[in-house]
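Hello,

Here is the structure I promised to pass on. Have a look at it first, and my notes on its salt bridges follow below.

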Amino acid sequence: MPATMAQQGPLGDWVDEVCRLTQPDKVVWCTGSEEEYQAIVGEMVRTGTLIPLNADSHPACYLHRSHHSDVARTEQSTFICTSRKEDAGPTNNWMSPAEAQERVAKLYQGCMRGRKLYVVPYLMGPVGSSYSRVGVEITDSPYVVANMRIMTRMGKTALDHLGSGADFVKGLHSLGDLNPERRFILHFPEDHRIWSIGSGYGGNALLGKKCHALRIASWVGRQEGWLAEHMLILGLQDPAGEVHYIAAAFPSACGKTNLAMLVPPAAFPGWKVWTVGDDIAWMHPGSDGRLWAINPEAGFFGVAPGTSPKTNPNAMAMLNRGVIFTNVAVTPDGRPWWEGIDEPAPPGLVDWQGRLCSPGREKSAHPNSRFTASARNCPSISPSWEDPKGVPISAIIFGGRRARVAPLVYESFSWAHGVFVGAGMASETTAAATGAVGVVRRDPMAMLPFCGYNMGDYWGHWLSVGARLKQPPKIFHVNWFRTSADGKYLWPGYGENLRVLQWILSRVKGSGKTAESPIGLLPTREALNVDGLKPAPGALDALLSVDRVAWQQELKDQRKFFDQFGDRLPRALAKEYEAFAARLQ
Ligand code: OXD
Ligand code: MN
């Protein structure tokens, strides 16, 4: 549909209303074309918002340096604005719609004077899929527009999907004055609206991602009978050429991108991992009784530090063209650089704030520095990644970053037990959100910061989706981050995680030996393929054991967490808790 027609319908009415409120100098309806992208990028280069990188080694790549106080998601300024507080639940910040109107609406008054207002229609999900959804982000940030073009199917494609209808998520974003005191990321799930002001950072400002595809979509999914999850999707191909799809939930900056793009170790000829998505999965029960998943995004907004030819060769291969880097360091010859890139810091390195690095100074790239890259450029992208019907999921993995307690891998006894395992997840915090790093917090299904409603109801929804599946995926829990008493990782991680995926696949196929424990089914020592690995003495014992005393403490923490939900905690989950407590005795 041409933008001119869209301008006359419900979308046009809303844009007019926003223009009256924000008073931009100019309105730009984005088409998503290459010429438009080049023009917006060119303008940002002229204003210094983007810095071109080395045109030989990194053609069409740019560096953006954000405001030093705007470098990560700000959970303290993120709110769910349902009419009733109890619908947001105890784990979300809540603001009433009336208070939002009173406190936040006024920040938008005239906030785009002297700026351009961009109308950014976007499609979340493959073109032609009945699972895909349209959103429209209005923003005054050209950086947001350029990122949205990589991360979503933006412009005309989205308007074509929308037609003349009113069924789209309305996202209003302004940089405001970037003052953290006047920063708000508000979600109105009841009427599919988002207000974000005061931040240009990805998760706060690229509204298709966390705000729409998780917080609003989780609410919509509950009403319509599907799941919007913080999960990667990968296809695991065995040497016989058979592909099984796995969805995996890990908290932010815990290796989802690396797992989604895993390169099998040399000892695994014939194995291959296909990337379908690295951050978000929308999963629907199909008429065949299986769970079908799409990746609603079209690109990767990945954490740069730690990404290297060793840890993620596929990511490195897609990071040398058409990428927007945010808050990485830059070498004197204009190449992006970050801690863990596996290349010594050259003299003359400039840090993420544009200062010359002195040897020994703490970090050159911000720990949450990012790359925005098109999925099309990923060498391991799955041939099915844009299949309108999605891919069938055989296994779901939950994973946390735990130095202690959680073993390398275990399988749940049933779907309901798997929901309990997901609900009981905990993980050490990372630099992806502002606040202390390395603190263990409960993070059910890796959705704590992203669930748009009461998590008690969310677990109930998971249970009801499971009840509709004739072939539910098996549910597992993994932990790549167990350490020894002296703080060394016990498991090599990265490509070697294929060994764990291989056991998971054997379980999906009905083989794979297990040892029963109170927390679930662990692989036997023989069932986990460790050929060619040289684990430290005692490492495998620690990785595959269940310490009842540590789990007793875990049980207490889980109880405290679940108690907050009162009668919104599903009865089936309370029963799983009691059964677990009894098994631990
Ligand atoms: C992300 C996050 O950016 O989870 O994906 O913070
Ligand atoms: Mn994420």
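To read these notes, you need one term first: a residue is buried under 20% relative accessible area, exposed over 50%, and partly exposed in between (1.4 Å probe, protein chains only). This is a predicted model, where local features need pLDDT of at least 70, side-chain atom pairs count only at pLDDT 80 or more, and totals for chains, interfaces and linings use all residues. Residues are numbered from 1 along each chain as its sequence is written, chains are lettered from A and ligands numbered from 1 in the order in which they are written, and side-chain values use heavy atoms, with hydrogens and water left out.

Lys-209 is buried, at 5% relative accessible area. Its salt-bridge partner is Asp-279, with 2.9 Å between the closest N and O atoms (a salt bridge being a side-chain nitrogen of Lys or Arg within 4 Å of a carboxyl oxygen of Asp or Glu). Asp-279 sits in the loop between strand E14 (272–277) and strand E15 (281–285), and Lys-209 in helix H9 (residues 208–224), so the pair joins parts 70 residues apart in sequence. (Helices, H or I of at least four residues, and strands, E of at least two, are DSSP runs numbered from the N terminus.) Asp-279 is buried too, at 8%.

Across the whole structure, 37 salt bridges turn up. One of them joins Arg-568 and Asp-87 at 2.8 Å, N to O; these two residues are 481 residues apart.

Happy exploring!
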